[in-house]
Amino acid sequence: MQYETVIGLEVHVQLSTESKLFSGSATTFGAEPNTQANIFDLALPGTLPVLNEKAVAMAVKFGLAIGAEIGKRSVFDRKNYFYPDLPKGYQVSQLDFPTVGKGSLTISLDDGSEKIIGVTRAHMEEDAGKSLHEDYQGMTGIDLNRAGTPLLEIVSEPDLRSAKEAVAYLKKLHSIIRYLDISDAIMAQGSMRCDANVSIRPVGQKEFGTRTEIKNINSFKFVEKAINHEVQRQKDVLEDGGRIVQETRLYDADRDETRSMRSKEVANDYRYFPEPDLLPIVIDDAYIDAIRATLPELPDTRAARFVSDYGLSEYDAGVLVATREMADYFETTAKLSGDAKLAANWVSQDLQALLNKHSWELSDSPIQAERLATLIQRIKDNTISGKIAKTVFEAMLDDNRDVDEIIEAKGLKQVTDSGALESLVDQVIANNPDQVQQYRDGKVQVIGFLVGQCMQLSKGKANPAQVNEILRSKLS
Amino acid sequence: MIEKTVAELSAALAAGETTSVALTQAYLEQIAAHNEALNAFITVCADSAMAQARAADEARAAGSTAPLLGIPIAHKDLFCTAGVKTTSGSKILHNFISPYDATVVERLQAAGAVMLGKTNMDEFAMGSSNESSYYGVARNPWSLDRVPGGSSGGSAAAVAADLCAMATGTDTGGSIRQPAAFCGITGLKPSYGRVSRWGMIAYASSLDQAGPLCKTAEDAAILLNVMAGVDDKDSTSISLPAEDFTATLNDSLKGLRIGLPKQHFTRGLNPAIESAVRLAVAELEKLGAEVKEIDLPNSDLAISAYYVIAPAEASANLSRFDGVRYGYRCENPVDLEDMYKRSRSEGFGEEVKRRIMIGTYALSAGFYDAYYRKAQKIRRLVKEDYARAFEDVDVIIGPTTPSPAFALNSMKDSVTMYLEDIYTIALNLAGLPGMSVPAGFVEGLPIGMQLVAKDYAEAKLLNVAHQFQQVTDWHKQKPSLTASAKTTEA
């Protein structure tokens, strides 16, 4: 039987506020355990929450970026459960009245088409601490540094139809969040986390199949693998005549499989009720307008502008706007170099390859936009050829002098002096009598070989167009 | 000197007739003499109190005129006090020494008050008799075989027996007003949001409110001046224009409109209390007030709604007491679940466990609408009842309790005990300010008259109570402590 996959994602994003959602403690990643937990974070008796308004602003910013309804009156609720890294014994979240309501975002599919994915809601809540099971021999250590860090939980509609679509959605979400600068959104560090609700149904069936929720997926790659694995597992179950059980499953990246969590852990009644220690958040139009005014240009708009302003292909534009940093880098390079197409090629190919090779973030690159722009200018003004430019680019990695100095020092400057080029051409003509004869007999394509010889002889420094011209005139 | 009011002590200290050291010494002696019988204090801070007293005398010599400078106070043991054990009347916090001060404590300290110690209370403020305290019941100074009321029973007993000049309490369903009535003193529950809850160990967050227990309405005004005010650390505290609550104490009551809710003068009310309260109202009429009967139609629903909402909030508020970070932890837990279960089973008392169970049940899937949501609807109805009533009257008056202080161990079951709060609970649901002032004696025991005003109209309450105390002397009556002590010996 043919099955259709139905996926909805719940994505937790740590908002990058300096302090926690309800306390003044810092939120820096990686600090010594329990150095960022104050008396409220420890849930000492008598302590009370005070809402961090910056988190609200970030949530609203996200809502506006995905065209969502903003809750004019959002309400925090207590979600009750016991766990050692949840000091109050309840998590403050938003149930019925989230700050961000229905919205949507657009993803690009492999065939070049676009698809709109609905976002059901995005609500604010506090993160839990961490339980540390290693190093404590039969005991558990509790680190409350993360407890109370603001999270935005973004819930999608069940609009995704494949693991690839899920990854595209997640990447788009990541891109928007980075553009808005509301989270580091680093999956490996847990500042962006993803749970996937997965079900399958026979093609043509309207009702959804029974879904399972996969937790603990911490990279884009694992999202795809975990979903594919789960879809296959569900197919196997159905084809063996079994039934899918609604349950929570953990993804184990080492074994590339999902497995059921003990039912005890999932059969929780959270007994939500409105948090009496906090007032509802009331948001008016003026506030929304003020936040709207701070919105940066978002990836879709920016890509469209790259196509119209710089004449880039839609594909190139799409690649370049994937991250705000990359798009900024490209735009700076394009403006300073005066050649957007060359800039686009260099950024999306050479620079991207470099980053991939070293697993660098753009900010780690020793070649910043200004230097790359100079390099491109030197191609344009014929100081170097495109090929030599690649050599210069390599040299720029561990040589932080400016581009011109490197070209000069390494003697890579293109030879454009006609006297020098003529003697070079004479030498090649003298060394290759057979090819010269062939050319004179009418086999004009041999000119390519002769130009190549000139370039080789000049170690790539000769200006190929000039060489071509001189060759032709000498051979005619 | 120890029997004097805060206003009188303040004047005596200013006039140099006494010193804070002498006063503090005198109260500590009174505590030493009577706390064993009364059990009003869980913790007495004799050394730090004397040090604070010396500092207060030095500050006065240096020119300080802080409003409570050098006057000894006792705090209910659910206000966090830095460096001092804070138990909330529970075994589960038997070893909890707070690293910080509650805002109320901080403000009173900044006003110069000297902290004598921490007073006994029903465990986590859940109770109307002080019998649920892990630290033993506090006793009523008027009769040691009677309860002092609760949950602020220790504070009320301490003020009544002159173990302190003034005390703090909290009121979630009557926990300031009822013990004030039982012990013959003056107690004020301010409007919800008037006083910061930061550092006050929560029972039911949407109902809890701190207030003073003291000897007169004037003292209550002086204390409220210090305790009130918005606090950045409590999002539910309210920013209101600064007010001097003593400024209007002497306003005339001519034309004051008093409402007597007919629901508060019906079956279940001790007839002797009814006549005492009616006599008290007659005194106010003599001062120019007009009296009419009013209707609070949803009064009988208030207790049911309260016993859903308060336990629901409490069930979450008390989740933090899990044996993980502080407080009581059971011996040798075999695993996490065992630690949770035994720490909480052994650390909490019966009444607290009962309310956690009720609250957990009321919030459970499938019951939420029937209990919690319905209770919130009733809460709105109760609020609307009062709003309607206050269109026609300025103050609502009735008995604070249906009967005088009852005997220890006399309440057969929890529900009978819950009904003791029948007149006080609705105010907490509505968030309104209320007071209890002494209004007579029944069977030799003091009884209280409850006054209620609109939101944030504490000044009106204090004005009426103060005027009443100018023409009556119920608040000046003192229990005979040695006589009570003999009763128990016999």
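Two residues are in contact if their C-beta atoms, placed from the backbone, lie within 7 Å. Keep that cut-off in mind for the core described below. The model is predicted.

**Nonpolar cores**
- The largest nonpolar core holds 153 residues.
- Ile73(B), Leu116(B), Cys164(B), Val395(B) and Leu451(B) touch the most other members of this core.
- Helix H9 of chain B, residues 299-317, gives the most to the core, with ten residues.

**Around Leu116(B)**
- Neighbours within four places in sequence are left aside here.
- Contacts of Leu116(B) then include Tyr27(B), Leu28(B) and Ile31(B).
- Val44(B), Cys45(B) and Ala49(B) are also among them.
- Pro72(B), Ile73(B), Ala74(B) and Cys164(B) complete the list.

**A sheet in chain A**
- Three strands form an open sheet in the order E4-E3-E14, with antiparallel pairing.
- Strands E4 (90-93) and E14 (273-274) of chain A stand at the edges. Each has a single partner strand, so one side of each is left without a neighbour in the sheet.
- Strand E3 of chain A, residues 77-80, pairs with E4(A) over four bridges.
- Lys79(A) has Gln91(A) in E4(A) as its bridge partner.
- In general, strands of a sheet pair through backbone hydrogen bonds.

**Domains of chain A**
- The domain assignment gives domain 1 (3-290), domain 2 (299-409) and domain 3 (418-475) of chain A.
- The centres of domain 1 and domain 3 of chain A, taken over C-alpha atoms, are separated by 65 Å.

Conventions. Residues numbered from 1 in each chain as written. Chains lettered and ligands numbered in written order. Predicted model: local features only at pLDDT ≥ 70, side-chain atom pairs only at ≥ 80, totals over all residues. Core = buried A, V, L, I, M, F, W, Y, C linked by C-beta atoms within 7 Å. Buried ≥ 20, exposed ≤ 12 C-beta atoms within 10 Å, placed from the backbone. Helix = DSSP H or I, 4+ residues; strand = E, 2+ residues; numbered from the N terminus. Pairing = 2+ DSSP bridges. Domains from an automatic or database assignment.
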